[in-house]
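Hello,

Here is the structure I promised to pass on. Please have a look at it first, and then read my notes on what I found.

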Amino acid sequence: MASKLKKIVISGVAGAVGAGLATYLLLNNDVDIDRWSVKAHQNQKRNKRPLPKREEQIKSLQTESFDVLIIGGGATGAGCALDAVTRGLKTALIEADDFASGTSSRSTKLIHGGVRYLQKAIMQLDYDQYKMVKEALHERATMLHSAPHLAHPLPIMLPVYQWWQVPYYWFGIKMYDLVAGTKNIGGSYLLSKKNALELFPMLRGDKLCGAIVYYDGQQDDARMNLAIALTATRHGATVVNHVKVTGLIKEPTNDGKEIICGVHVKDELSQKEWKIPAKCVINATGPFTDTIRKMDNIKIKEICAPSSGVHIVLPGYYSPEQMGLLDPSTSDGRVIFFLPWQKQTIAGTTDLPCQVTHNPKPTEDEIMFILEEVKNYLNPDVEVRRGDVLSAWSGIRPLVSDPNKPDTQSLARNHIVHVSDSKLITIAGGKWTTYRSMAEETIDAAIEACSLQPKFELSQTDGLLMEGAHGWTPTMYIRLVQDFGLDCEVAQHLANSYGDRAFAVAKLATITGKRWPIIGNKVHPEFPYIDAEVRYGVREYAMTATDMIARRLRLAFLNVQAAQEALPDIINVMAEELNWSEEEKKKQHKDATEFLQYEMGQNVNRASRDKIPINLSKDEIQTYIKRFQIIDTDRKGYVSINDIRRSLKHLGIRLNDNDVHLLLNDIDTTYNGQLDLSDYLQLHGEKEVPGEELHEILKEIDSNMNGQVELDEYLQMMSAIKSGHVAYSRFARMAELEEEKHEKEMLKKKISVERSGGGL
């Protein structure tokens, strides 16, 4: 009774306040939804300084001294570099791996103020949480303006399944709009059950009362990070990836203290080492904050409490193309987002304490947790299958620890700017959305602590346009189609990834030899990435194959198997640009394959499939044994690459034996949502099948990697398909087609009594 009364009171209060708030917003509706378009800063001229080659950047680090040197090339580090250089400070940034190689490329891809943080601010009367949300909402609008090609508003639906929650959530979302004020990017609104299902038809309809839709921003996080770094470079900063700090340099002062005056570094590509003198050193290394701080003082207390957040990517049909979904209270109290991104669907995230590592891996338990939560919100027509997980990754959030709060979910992503006794400036914590304001605060602290003399005392970055934003318009892609003869989807992708630099990318594209499109050969048939992007990616300082597939092209994050299949061609193009030897190409392939296996979920996908018990009926087992024996014509007890070659030839496909063994030991696939053989036959008809394709078909079920398929491996695969742990298998489809052809041939051999002219 008390619980019901409490709900009624909450509904009444929320309804009254919400009604008043709605009236206020309607009467004061002066929000300019288009203010982040490039029209707002037409007077900003594009910096025409060309991007220097990496060799030139390295030379700068070896021969010059700097006012500010930033360690860390994530969002915060790149933001610090841009803030410092635009104030007139001589600036350098070094990153041990690649720009955005850590947390900054593994986010939920949202630019948001934090709905749940506002809820905590209101419920707990926490003013610090409120300030963080207010600041983030300002920065959200700034990011949408500064890089409109990489960021856009996204409506997000909050489904409601109990009537008393409708006014409760509606009030909370309206408060979110109110806190945003003139920086709001779209007004929230209430939907009936019918309208909610029209906009999000995959949604579970039973017991649905209605839904509330609000707006946040969405971005391509890795390319946004890169755009910030490149913009800093255009303004004169020296920005270099794959350069690692090995130590801090200190010098004594007159009062007996030691002050940091530079760093020892090592180029991870050339293995060369040298010193870089700097008046101020900034530690912006995210989860590795304490590693650098301990170089300064080994006894320092750790301030970073790392938390692992896993995301998975599902096929695009799991969500509408222009509508996300928020589950505000999962089974264990976390928040789950379900968002369209790059024509696929991102679901996440988890939130668990973890150890800091350079190679975080998603776990099966975390993947299954997300899938189970997703099931609760989708209708029965959408079968949520383990085999539909196209990619999975774990990002380490650099949360700032508070010993008074027991779990990471209670940790706000507030940031800390700390100045050590030796003048090491550390920026720790925070969130993607507030990278710019965090950088501003950090450079302010650096100027004061290290007595720097900037040309401009105040930050110049609020509203500063990023790389590619100056000439971008929403319809710019049409010029790419008309002027270059690009495929429309490819042109849209280039415009939205490179902004006005898309024309420079298009100029590098090769001729297709087709009537249409004229130029732009895709690196994978299912995605709009073209070979020109690989060449341009090298100019954007992609130095390894992993840099390319993960952070210049987003292929590894969208579909781990497609990335694996595109890898050889990508490496060949990079080899032309970077003069790689055959040995270096093999090394790059090995390193990138390991990245896909361990960090992008390929191995955990395969392990999930392989541990499924054989759950086939007696009839199913007999059917599959029959199919297996049709392919294994010699009754060896296993299927070899020659058996697959013979079977495909039998199905009418001519074979190409060139390089048939080249990738036998390199390709280790999972095939959770790729082209099956029937699609392949429809696409290729009588064309040749590369040797790589044969080995991929073999490897998809060769669990013990001995170059052949045993019967138990085949049955395991069929069980995995039945249970949904694998979506498709080309080998399974090939076996099915072989059986059909075998049955037809056997039928032809049987001559009926009537046709023989005999009988009694």
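A word on confidence to begin with: pLDDT is the predictor's confidence in each residue, from 0 to 100. This is a predicted model, so local features need pLDDT of at least 70 and side-chain atom pairs count only at pLDDT 80 or more, while totals for chains, interfaces and linings use all residues. Residues are numbered from 1 along each chain as its sequence is written, and side-chain values use heavy atoms, with hydrogens and water left out.

The chain has a mean pLDDT of 83, with 77% of its residues at 70 or more. Please be careful with two stretches. Over residues 755-760 pLDDT stays under 50, and the model has 3 contacts beyond four places in sequence for them (contact means heavy atoms within 4.5 Å). Residues 1-42 also stay under 50, with 48 such contacts in the model.

Now to the charged pairs. The structure holds 36 salt bridges, each being a side-chain nitrogen of Lys or Arg within 4 Å of a carboxyl oxygen of Asp or Glu. One of them joins aspartate 267 and arginine 54, at 3.1 Å from N to O. This pair links distant parts of the chain, 213 residues apart: aspartate 267 lies in strand S9 (residues 258-267) and arginine 54 in helix H2 (residues 54-63). Helices (H or I, at least four residues) and strands (E, at least two) are DSSP runs, numbered from the N terminus. Both partners, aspartate 267 and arginine 54, are buried; buried means under 20% relative accessible area, exposed over 50%, and partly exposed in between (1.4 Å probe, protein chains only).

Another salt bridge pairs aspartate 296 with lysine 250 (2.9 Å, N to O). It connects helix H9 (residues 289-296), which holds aspartate 296, to strand S8 (residues 243-252), which holds lysine 250, across 46 residues. Aspartate 296 is buried, at 13% relative accessible area, whereas lysine 250 is partly exposed, at 30%.

Best wishes
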